[in-house]
Amino acid sequence: MYRTDGVRVKTADAMYELMPFVMTKRYDACDSLTVEIDLEKVQDYVRKCRAKGIRMSHMAILIAASIRVFSRNPCLNRFIMNKRIYARNHFCISFVTLRPGSESDTINKIYFDLDDDIFTVNDKVNEAIDKVKDQGKDNSMDRFMRTLLAVPFLVRGAAGALKLLDKFFTLPRAIIDASPCHTSLFITNLASIRTDAIYHHLYEFGTTGIFFSMGKPLKRTYLDDEGRPFERKIMELGIVVDERIAHGQYYGRCFREMNGYMKHPEVLEEKPEKIVWDPDVKRELKWFSK
């Protein structure tokens, strides 16, 4: 079936074709794990960038590392809808941003190209956050929610209609663009409110199959090769995934690879040598960005 946001996967193993019929809900297929990020390596890179006049952020480094992993492991960019497996024809990330001077927050959604380097990613992230800081500007998600809430009884009917369209047909591109739940990856930065990482649920509405939760800085004691203790500053990353998309070994390898990029962010300054495409995504369905 044609969708505006993806193409049907027809090359998946039989077991994965069957799994959505056994685990019909996204929250029924959640697996969770914690990845410890070496925060000292990340902070060293941030300082080097800022010494050059580049306003680099921890969030931008994490997103750039994630993009690089997605570019090499296309199964991560799949999703389940109506018991069928789809491969996205784009790559985007949604993340929560706290409004300045307020306890309320909003959600940004940014489209990226899979060959974006870390500086391109950082520019897109900073631009999105700067727009939120300008309290006179709302994003498409804010405007979409206000439209629904403006008319009495519209919310319940509209939500039901959108879920029905999304499940059995497809949503218009404009709604896909406005919905933060239709995304390759969802990130919440709990370090900004000095909170530990959590395992965030996956939304049943939309197509989100991977959720990252960034925790506040912590100190951990490790042993070196000679058994002597040493202390490192780390950041816990709480990860929740839809196990119907890929198996545990695949996820484990991908997140180890991502952690390697976090230890050496300078690798992300160059574009990837090669992008591995999902076999079911044809090249004429070019990944789009905004």
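1. The side chains of Asp 196 and Lys 216 form a salt bridge (a side-chain nitrogen of Lys or Arg within 4 Å of a carboxyl oxygen of Asp or Glu), with an N to O distance of 3.9 Å. Asp 196 sits in the loop between strand E7 (185-189) and strand E8 (210-223), while Lys 216 belongs to strand E8, 20 residues apart. Helices (H or I, at least four residues) and strands (E, at least two) are DSSP runs, numbered from the N terminus.

2. This is a predicted model, in which local features need pLDDT of at least 70 and side-chain atom pairs count only at pLDDT 80 or more, whereas totals for chains, interfaces and linings use all residues. Residues are numbered from 1 along each chain as its sequence is written, and side-chain values use heavy atoms, with hydrogens and water left out.

3. Asp 242 and Arg 26 also meet in a salt bridge, at 3.9 Å from N to O. Asp 242 lies in strand E9 (residues 229-242) and Arg 26 in the loop between helix H1 (14-22) and strand E2 (30-38), 216 residues apart. Asp 242 is buried, at 0% relative accessibility, and Arg 26 is buried at 3%; buried means under 20% relative accessible area, exposed over 50%, and partly exposed in between (1.4 Å probe, protein chains only).

4. In the salt bridge between Arg 72 and Glu 257, the closest N and O atoms are 2.6 Å apart. Arg 72 is in helix H3 (residues 58-72) and Glu 257 in helix H8 (residues 248-263), so the pair ties together parts 185 residues apart in sequence. Arg 72 is partly exposed at 44% relative accessibility, whereas Glu 257 is buried at 18%.

5. A search of the whole structure finds 17 salt bridges. Arg 3, Asp 5 and Asp 166 are linked in a network of them.
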